[in-house]
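Please read them with the structure open.

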Amino acid sequence: MNPAQVTPALAGSERDGDGRLVKLIYDSTPPLKAPDVNPWLVAVDGSDNALRAVAHVAGQAPEMNACALHLVHVQPWLSKEAAGAELAHRALEATAQARALLDTKGLPWRLHVAMGDPAERILEEAVRLNAIGIVIGNRGLNTVESLLLVSVAHKVMHLARLPVMVVP
């Protein structure tokens, strides 16, 4: 069976005050041995840009000392019913290639799935994890598009209080 088709182990979930599922955490097999040691956050959204960021991290991780890779995937807000029925499916589908790439390299990971504004959730997770740095793919927007759309990478880079590596 293709590793991307295997459902990873659910390590945790969180619900809001209304009982809506708002966060999921999945672990690779085998899981991270020390998720708190030298944690790096890698933003993944299913795009080629995010996959290049994961590939970059996969190439650098063996050189790092005890690096814990935390993938973060953010979905837009869903209703209570849609979140319960779709959040996990959407997130696992969008992150399948990134997870498979790390699995192929033998690199354990933890996937954090949240809903909301991508830049805000990425930054919140980085703080919560006490991350050493954030790695994110660049959408490749030109200057005008960047000014009009304000890319997630741009927003993260300007608001983060820790190093951000933007992979082209």
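1. The model is predicted, and every value here is computed from it.

2. Helix H3 covers residues 118-129, which makes 12 residues. From its first C-alpha to its last it reaches 16 Å, close to the 16 Å expected at 1.5 Å a residue. At its start, a side-chain oxygen of aspartate 117 comes to within 3.3 Å of the backbone nitrogen of alanine 119.

3. Which residues of H3 are buried? They are Ala119, Arg121, Ile122, Leu123, Glu125, Ala126 and Leu129. The list includes Arg121 and Glu125, which count as charged. The cover over the buried residues of H3 includes strands S2 (21-27), S3 (39-43), S4 (68-75), S5 (109-115) and S6 (133-137). Helix H5 (152-159) is also part of that cover.

4. Most residues other than glycine have a negative phi. Asparagine 130 is exposed, with a relative accessible area of 60%.

5. Asparagine 38 also deserves a look. It is not a glycine, yet it has a positive phi of about 50 degrees. This residue lies in the loop between S2 and S3.

6. The peptide bond joining threonine 29 to proline 30 is cis, with omega at about 0 degrees. Most peptide bonds are trans.

7. Pro30 is also one of the residues lining the second largest pocket. That pocket has a volume of about 170 Å³. Besides Pro30, the lining has Pro31, Leu32, Lys33, Ala34, Ala66, Cys67, Ala68 and Pro108. By class, the lining has eight nonpolar residues, no polar ones and one charged residue. Lys33 is the charged residue.

8. Arginine 139 sits in the loop between S6 and helix H4 (143-149). Leaving aside residues up to four places away in sequence, arginine 139 touches Asp45, Ser47 and Asn49. Between arginine 139 and valine 74 there are 65 residues of separation in sequence and 16 Å in space, C-alpha to C-alpha.

Methods: Residues numbered from 1 in each chain as written. Predicted model: local features only at pLDDT ≥ 70, side-chain atom pairs only at ≥ 80, totals over all residues. Heavy atoms only, no water. Helix = DSSP H or I, 4+ residues; strand = E, 2+ residues; numbered from the N terminus. Expected span 1.5 Å × (residues − 1). Buried < 20%, exposed > 50% of the residue type's maximum accessible area, 1.4 Å probe, protein only. Contact = heavy atoms within 4.5 Å. Polar contact = N/O pair within 3.5 Å; in protein donor to acceptor, adjacent residues only side chain to side chain. 1 Å grid on protein atoms, 1.4 Å probe; cavity = no way out; pocket = protein on both sides within 12 Å on 5 of 7 lines; lining within 4 Å. Points joined across faces, edges and corners; volume = space filled by probe spheres on them.
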